[in-house]
Amino acid sequence: MRFLYRSALAVAYLCVATAAAFCNGKIKPKVLILTFFDAEGEIYLTKSSNATDALDFRALRHRVPFASPQFPDLHCTADGDACLMTTGEAEIQATATTMALLADPQMDLAETYWVLTGIGGGAPDQVTLGSITLARFTVQVGMSYELDARELPPGFDNGFVPQGTDSPDAAWGSVYDAEVFEVSAALRDAFTALVDPARVADSEAAAAYRSKYAGVPAFALGAAPPAVHHCDSVTSDTWFTGALLAETHKKRVSTWTNGTGIYCTTAQEDGAVLGALVRGALESRVDFGRVAIVRTVSDFDRPYPGQSVMDNLVNGTVGYPIAIENVWLAGNSIARGIISAWNQTFKAGIPASNYVGDVWGVLGGTPDFGPGRVSGGKPVVLPGAKGQQPAKTKRSMRRSRFQN
């Protein structure tokens, strides 16, 4: 009995000394930063000990069941207001870890802001090495039929054909509801204001490399110093390089967002995370209006004049160090801003001024792109929801190529 009493006192003391959310309650962060591979996560932990304005993510740690075996732990500040998680690279890892977070009974993420922060390739007509980008759309460009470039039919300018169609210029064919996700532009704007453009990291090596793009007028932004931009990401596990593929995916982003999206960064995980978060929102686990996509540029998606595409792919990552540095700058700045203005601004949320959700509109509203609207503007209600009937989805939206 004396041992049990002393143990209870020790637990009670621990709850007072650390965050109460890690004791009898749940983990309820105001902001959750997602990174995707080791260096992106480690910069936050390293800065925790050597940067004066850094949030300290070393204070508390929680193992998330079913998370990546390589990155099993959620790292949080002592008060539990901000947490950090690394998912592992690529779409499979990102989806699995996000779902693990959503399913963890210790997590209360209903009011949490999700800030996706990672590096990626960049289009030199929109951004440069080290640039910080905040997106409104992510487009899954890998959802295509692919024809070998040596066997293209007459009239084809590339070998990527939207699934369910017979032309690279077709807008939509089969719809899997993972082609496009749209997040809040108002939240993007609010987060942009929290990042000081004067602090964006640069380097002599990056400046020298980007100067090679200065001779092309269309690449003026690619030759300029890094800045903060509003433009959009593409999701694909296939790393690509070269002007032809870059222009192909640029066209896909524009077509699939009704001309609103501006392709500027490449990523492996953005759409994968957002696909999981839509499902979390349907279960009332998260607020999809509290999601932001932040990418920093480590390399260019196409070579400079006279450079081979293979050299660009293998040797073009001179922006990697500053891209990692700016991942932390953006994520830490946004997280600190959320926490400091929680009661005044962020607890109530930033009302979205645009459609927010997936292609089919399952969270409600009318998509401003694509052939969605399966829910007629109303949120889909999942079977078993109390007091409501589930909405019917239009299975015919997903047309099979085997149908007549």
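In this predicted model, I322 touches L129, G130, A201, D202, S203 and A206, leaving aside residues up to four places away in sequence. I322 belongs to helix α10, and because its relative accessibility is 6%, under the 20% limit, I322 counts as buried.

Helix α10 also packs against helix α2, which spans residues 38-50, with the two axes 9 Å apart and at an angle of about 60 degrees. That angle makes α2 oblique to α10, and the crossing of α2 past α10 is right-handed. The residues that meet in this contact divide into seven nonpolar, two polar and three charged, and they are listed here by helix.

| Helix | Residues in the contact of α2 with α10 |
|---|---|
| α2 | A39, E40, I43, Y44, K47 |
| α10 | Y320, I324, E325, V327, W328, G331, N332 |

Helix α4 runs over residues 185-192, and six of its eight residues are buried, so α4 is largely enclosed by the rest of the structure. The buried residues are A185, A186, L187, R188, F191 and T192. At the start of α4, the backbone nitrogen of A186 has a side-chain oxygen of S184 within 3.4 Å.

Definitions and conventions
Residues are numbered from 1 along each chain as its sequence is written. This is a predicted model: local features need pLDDT of at least 70, side-chain atom pairs count only at pLDDT 80 or more; totals for chains, interfaces and linings use all residues. Side-chain values use heavy atoms; hydrogens and water are left out. Buried means under 20% relative accessible area, exposed over 50%, partly exposed in between (1.4 Å probe, protein chains only). Helices (H or I, at least four residues) and strands (E, at least two) are DSSP runs, numbered from the N terminus. A polar contact is a pair of N or O atoms within 3.5 Å; within protein, one must be able to donate a hydrogen and the other to accept it, and residues adjacent in sequence count only if both atoms are side-chain atoms. Axes are lines fitted to C-alpha atoms, for helices over the stretch in contact, and angles run from 0 to 180 degrees between N-to-C directions. Angles under 35 degrees count as roughly parallel, over 145 as roughly antiparallel, 65 to 115 as roughly perpendicular and the rest as oblique. A crossing is left-handed if the near helix is turned anticlockwise from the far one by less than a right angle, and right-handed if clockwise. Contact means heavy atoms within 4.5 Å. Ala, Val, Leu, Ile, Met, Phe, Trp, Tyr, Cys and Pro count as nonpolar, Asp, Glu, Lys and Arg as charged, and the others, Gly among them, as polar.
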